[in-house]
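Subject: Structure for your review

Dear colleague,

Please find the structure below, handed over for your review. My notes on it follow directly after.

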Amino acid sequence: MNLKIAGAPISWGVCEVPGWGYQLTPDRVLAEMAQAGLSATELGPEGFLPSDPAALVTVLDEHGLSCVGSFAPVVLHDPSHDPVTDVAAVLDSLVASRGSMLVLAAATGTEGYDSRPELDEEQWSTLLSNLDRLAAVAAERGITAVLHPHVGTMVEKGVEVDRVLTGSSIQLCLDTGHLLIGGTDPLLLAQSVPDRIAHTHLKDVDATLAASVQAGELTYTEAVAQGMYTPLGTGDVDIAGIVTALLANGFDGWFVLEQDTILSGEPEGQGPLRDVVASVTHLRDIAGRIPA
């Protein structure tokens, strides 16, 4: 079975959070994506790849990669803020590069993912309404908007994921790592609402470090730096079960490999490429065991 497997710059430590860690160059990241056998990429944080649509297409073409989508943290809960303007440039880039997924996260309005406020009912109503608004705006451009439940955003915990499922019609990005850390079983979600899942971020997780984040013993950033995300097949997430469940229910979208990484400097040897290659191999092994 041939899967659509893509990469994301965060697997090479490239992140939108200020001070996250050492940032590799686009040329190295894109070249190593192609070397790992990936055919497409998400675009990464603003400023990583060219903002000019023509220049963006040229860079991707030079590395033999297509664009699958872009991660966009946006403030959705503030009644005085219109998030449509925040995604305009991202949508332009996706249309130009023939990407298909606007991957939204419900940003807190502060930097990083180590703390978040509590929302009142008015803010929740605004958030849910804005999700449907942005999905409609994206659809007008031929793009599918999905919500990415994410640690340190306004949609992190299981009850918050449920609230999105019941209070809006937006599709989801099934991020196996963030869901697990936030208290949602990603396999159960894949089995229970397959019609709401349009995109996937595959992560494997060290459950011990994840539990430390849940207990407040480590911040999210500290746990990532200690290796909370592991190559697929080496952690505690049932990646094979999730992939099999999705495919059994007709999922035909992208499997984006995301192993959030923090680099302290220029990596020696293969660096992040080694882990990405291991994840690609594991995912293809899973696909090879699924009956055609």
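This is a predicted model: local features need pLDDT of at least 70, side-chain atom pairs count only at pLDDT 80 or more; totals for chains, interfaces and linings use all residues.

Enclosed space

Two cavities of 30 Å³ or more were found when the whole structure was searched. The largest cavity has a volume of about 210 Å³. Its lining is made up of 18 residues, and those nearest the centre of this cavity are Ile10, Val14, Glu16, Phe71 and Glu258. Sorted by class, the lining of the largest cavity comprises ten nonpolar, four polar and four charged residues.

The second largest cavity holds about 40 Å³ of space. Ser11, Leu202, Lys203, Thr230, Leu232, Leu257, Glu258, Gln259, Val276 and Ser279 line the second largest cavity. By class, that lining has four nonpolar, four polar and two charged residues.

The largest pocket contains about 800 Å³ of space. It is lined by 37 residues, of which Pro45, Glu46, Phe71, Ala72 and Pro73 are the closest to its centre. At least two residues of the lining of the largest pocket come from each of helix 2 (53-62), strand 3 (66-75), helix 3 and strand 4. Helix 3 contributes the most to this lining, with seven residues. The lining of the largest pocket consists of 20 nonpolar, twelve polar and five charged residues.

In the second largest pocket there is about 300 Å³ of space. Of the 18 residues that line the second largest pocket, Asp114, Val151, Glu156, Val213 and Gln214 lie nearest its centre. Helix 6 (176-182) and helix 8 (207-214) each supply at least two residues of that lining. By class, the lining of the second largest pocket divides into six nonpolar, seven polar and five charged residues.

The search of the whole structure gave three aromatic pairs. One of them joins Tyr113 and Tyr220 in an edge-to-face arrangement, at 6.4 Å centre to centre and with 85° between the planes. Tyr113 lies in the loop between strand 4 (101-107) and helix 4 (121-140), while Tyr220 belongs to helix 9 (residues 220-225), so this pair ties together parts that are 107 residues apart in sequence. Both Tyr113 and Tyr220 are buried.

Tyr220 also pairs edge-to-face with Tyr229, with 6.3 Å centre to centre and 65° between the planes. Tyr113, Tyr220 and Tyr229 form one aromatic cluster. The relative accessible area of Tyr220 is 2%, and Tyr229 has a relative accessibility of 4%, so it counts as buried as well. The charged end of Lys203 sits over the ring of Tyr229, 5.6 Å from the ring centre.

A buried serine

Ser97 is located in the loop between helix 3 (84-96) and strand 4. Its relative accessible area is 5%, so Ser97 is buried. With neighbours within four places in sequence left aside, Ser97 is in contact with Leu56, Val57, Leu60 and Cys67.

Yours sincerely

Methods: Residues are numbered from 1 along each chain as its sequence is written. Side-chain values use heavy atoms; hydrogens and water are left out. On a 1 Å grid over the protein atoms alone, a cavity is a set of points where a 1.4 Å probe fits but cannot get out, and a pocket is an open set with protein on both sides within 12 Å along at least five of seven lines; lining residues have an atom within 4 Å of a point. Grid points are joined across faces, edges and corners, and a volume is the space filled by probe spheres set on the points. Ala, Val, Leu, Ile, Met, Phe, Trp, Tyr, Cys and Pro count as nonpolar, Asp, Glu, Lys and Arg as charged, and the others, Gly among them, as polar. Rings of Phe, Tyr and Trp (its six-membered ring) pair if their centres lie within 6.5 Å; planes under 30 degrees apart count as stacked, over 60 as edge-to-face and the rest as tilted. Helices (H or I, at least four residues) and strands (E, at least two) are DSSP runs, numbered from the N terminus. Buried means under 20% relative accessible area, exposed over 50%, partly exposed in between (1.4 Å probe, protein chains only). A charge sits over a ring if NZ of Lys or CZ of Arg is within 6 Å of the ring centre and within 35 degrees of the ring normal. Contact means heavy atoms within 4.5 Å.
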